[in-house]
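Dear colleague,

Please find below the sequence and the structure that I am handing over to you. My findings follow directly after them.

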Amino acid sequence: MQKVKKQAKFHIKTGDTVKVISGDDKGKTGVVLSIDTAKRRAFVEGLNMITKHVKPTASKPEGGIEKKEASINLSNLMLVDPKTGEATRTGRKLGENGKLVRYSKKTGEVING
């Protein structure tokens, strides 16, 4: 019998607004572009920018230097409550339709998404 590995559930999702709670970009907020579930890291728009040197290719013949987002560990991100605009911890509870929904621990409001 084969073991099935369960998909991890995270406190943030793609499209959420998050606040960085530690690191060089501490205190800044941004929107989550994508999440790497295997490495438990997220790419946040405009945060943790790195400089990448790009070789010339057929599609980009001049090459050059690009600025792009690097990943941030999920433990360094906190969800921003859409109602108050402050960082909040999240919890899970059963919603009206019987599915788990995320809610803000500060306000108790259900977070869409």
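Asp16 forms a salt bridge with Arg102, and their closest N and O atoms are 2.7 Å apart. A salt bridge is defined here as a side-chain nitrogen of Lys or Arg within 4 Å of a carboxyl oxygen of Asp or Glu. Because Asp16 lies in the segment before β1 and Arg102 in strand β10, the pair ties together parts that are 86 residues apart in sequence. Asp16 is buried, with a relative accessible area of 9%, and Arg102 is buried as well, with 2%. Buried means under 20% relative accessible area, exposed means over 50%, and partly exposed lies in between (1.4 Å probe, protein chains only). The areas come from the Shrake-Rupley method with a 1.4 Å probe, and for residues only the protein chains shown count as cover. Helices (H or I, at least four residues) and strands (E, at least two) are DSSP runs, numbered from the N terminus.

Please note that this is a predicted model, in which local features need pLDDT of at least 70 and side-chain atom pairs count only at pLDDT 80 or more, while totals for chains, interfaces and linings use all residues. Residues are numbered from 1 along each chain as its sequence is written, and side-chain values use heavy atoms, with hydrogens and water left out.

Further salt bridges

Side chains of opposite charge can pair when their charged atoms come close. By the rule given above, the count comes to five salt bridges. One of them joins the side chains of Glu86 and Lys106, at 3.2 Å from N to O. This pair links distant parts of the chain: Glu86 is in the loop between β7 (77-80) and β8 (87-88), and Lys106 is in the loop between β10 and β11, 20 residues apart. Glu86 counts as partly exposed at 44% relative accessibility, whereas Lys106 counts as exposed at 53%. Another salt bridge brings together the side chains of Glu66 and Lys60, at 2.9 Å from N to O. Glu66 is partly exposed, with a relative accessible area of 29%, and Lys60 is also partly exposed, at 29%.

The two sheets

Two strands are said to pair if DSSP finds at least two bridges between them. In which order do the three strands of the open sheet follow one another? The order is β9-β10-β11, and the pairing is antiparallel. Its edge strands are β9 (90-94) and β11 (110-111), each of which pairs on one side only. Strand β10 (residues 100-104), which holds Arg102, is joined to β9 by five bridges, and the two run antiparallel. Within this pairing, Leu94 has Leu100 in β10 as its bridge partner.

An open sheet of six strands has the order β6-β3-β2-β1-β7-β8, again with antiparallel pairing. Here the edge strands are β6 (71-73) and β8, each pairing on one side only. Three bridges connect strand β3 (residues 41-44) with β6 in the antiparallel sense. Arg41 stands opposite Asn73 in β6.

Two loop residues with positive phi

Most residues other than glycine have a negative phi, and most peptide bonds are trans. Arg40 is not a glycine, yet it has a positive phi of about 55 degrees. Arg40 is found in the loop between β2 (29-36) and β3, and it is partly exposed, with a relative accessible area of 46%. Asn48 likewise has a positive phi of about 55 degrees although it is not a glycine. Asn48 has its place in the loop between β3 and β4 (49-54), and it counts as partly exposed at 27% relative accessibility.

Which residues form the positive surface patch? They are Lys6, Lys9, Lys13 and Arg92. Patches are made of residues with over 30% relative accessible area and no salt bridge; like charges are joined within 9 Å, and nonpolar side chains (Val, Leu, Ile, Met, Phe, Trp, Tyr) within 5 Å. Lys and Arg count as positive and Asp and Glu as negative, while His and the chain ends are not counted. The place of a charge is taken as NZ of Lys, CZ of Arg, CG of Asp or CD of Glu. Lys9 lies in the segment before β1 (17-20) and counts as exposed at 61% relative accessibility.

Gln7 is found in the segment before β1 too, and it is exposed, with a relative accessible area of 59%. Gln7 and Gly27 are 20 residues apart in sequence and 30 Å apart in space, C-alpha to C-alpha.
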